[in-house]
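Subject: Structure for your files

Dear colleague,

Here is the structure I said I would pass on. My notes follow below it.

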Amino acid sequence: MNRKVSVIGSGNVGATTARSIADKELADVVLLDILEGVPQGKGLDLLEACPIEGSDARVLGTNDYADTAGSAVVVITAGLARKPGMSRDDLLQKNAGIIKAVTTEVVTHSPDCIIIPVTNPLDAMCQVVYRESGFPRERVVGMAGVLDSARMRTFIAEALSVSVENTHAFVLGGHGDTMVPLPRYSTVAGIPITELLDTATIDAIVTRTANGGAEIVKLLGSGSAYYAPGSAVVQMVEAILKDKKKILPCAVFLQGEYGIRDLFVGVPVKLGAGGAEQIIEIRLEADEQAALDRSAASVKELVSALGL
Ligand code: APR
């Protein structure tokens, strides 16, 4: 194939993302990690799945950024997981250091790529990538909202016993427990869920969505979600590579939209070959705007702790 997507970090999210891109034959895939042998082993394993999947995508595992050269899209999943005894701030500083170093290499080898940061804390890591890359804001698009709204869609479909395909969910804000699921704009076959579900059920769905990541962490015991995050990344990659101009919730650098300036926050964007080609602004009720402002303030706190 003549398109390349590089995935930095060959852990759970990175490998799951690489697998889905190869299975769907969207592009050749380069899987890079600092661990020696791991990306090579996973890359070869994925390549050997391709004959069965009927995919001619080439998959390469590597430690060398030269192999990522000329990527159309680069997905960054590299980072550390929070370990016992490590404060949230420690993790923030450590992951920021990793993301900074990764971004420098990515930009050197793929100066025209679109970067999709995935590493948490997502919105703050997007800010690091944006500052370090010097890219226009259209080309740094964080993955969070697609995952959060997929979780909300799952719960809506369950509550109404309808196909997930009929569901649409709308989640704004930072990727964390301050995220803002918007029931008024969440629909089933075009009908707002506020017409279909009682307030208590909607409140339960909203709360479960906001705690969706933590629910999985608790169940797994160690590590965090990766199947749904991988699927979410690949939906974004596909929208970009196929220039679908799909409206998806993503973390983008706001410059006045929704009353927020110079900060990455999740909002609906049009994703196409140019990256985040347009930010879609919708009218919010006062309580919704207040919730979004609170969410933005919590992102701002992390960004300020990084001195950005
Ligand atoms: N360069 C490249 N890879 C790195 C670097 C680095 N400087 N530092 C760490 N890594 C790699 C690790 O070696 C590991 O293989 O990043 C990978 C992270 O994988 P996992 O620990 O399995 O984490 P994963 O579950 O994939 O999550 C990755 O995505 O959803 C977020 O919160 C999640 O921030 C986390 C990220």
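Domain bounds here come from an automatic or database domain assignment. On that basis the chain is split into domain 1 (4–139) and domain 2 (145–305). This is a predicted model, in which local features need pLDDT of at least 70 and side-chain atom pairs count only at pLDDT 80 or more, while totals for chains, interfaces and linings use all residues. Residues are numbered from 1 along each chain as its sequence is written, and side-chain values use heavy atoms, with hydrogens and water left out.

The two domains

Taken over C-alpha atoms, the centres of domain 1 and domain 2 are 22 Å apart. In contact (heavy atoms within 4.5 Å) are 31 residues of domain 1 and 36 residues of domain 2. About 2,600 Å² is buried between domain 1 and domain 2, and carbon and sulfur atoms give 72% of this area. Buried area means the accessible area (1.4 Å probe) that two parts lose on being put together, summed over both.

The ligand

There are 15 residues around the ligand, and Asn12, Val13, Asp33, Thr77 and Asn120 come nearest; a residue counts as near if one of its heavy atoms lies within 4 Å. The shell divides into seven nonpolar residues, seven polar and one charged. Nonpolar covers Ala, Val, Leu, Ile, Met, Phe, Trp, Tyr, Cys and Pro, charged covers Asp, Glu, Lys and Arg, and the others, Gly among them, are polar. Helix 1 (12–23) and helix 3 (88–109) each supply at least two residues of this shell; helices (H or I, at least four residues) and strands (E, at least two) are DSSP runs, numbered from the N terminus.

A backbone N or O atom of valine 13 lies 2.8 Å from an oxygen atom of the ligand, and for a polar backbone atom of asparagine 12 the distance to a ligand oxygen is 3.0 Å.

Backbone details

The peptide bond from asparagine 120 to proline 121 is cis, with omega near -5 degrees. Proline 121 sits in the loop between strand 5 (114–117) and helix 4 (122–133).

Regards

Notes
A polar contact is a pair of N or O atoms within 3.5 Å; within protein, one must be able to donate a hydrogen and the other to accept it, and residues adjacent in sequence count only if both atoms are side-chain atoms.
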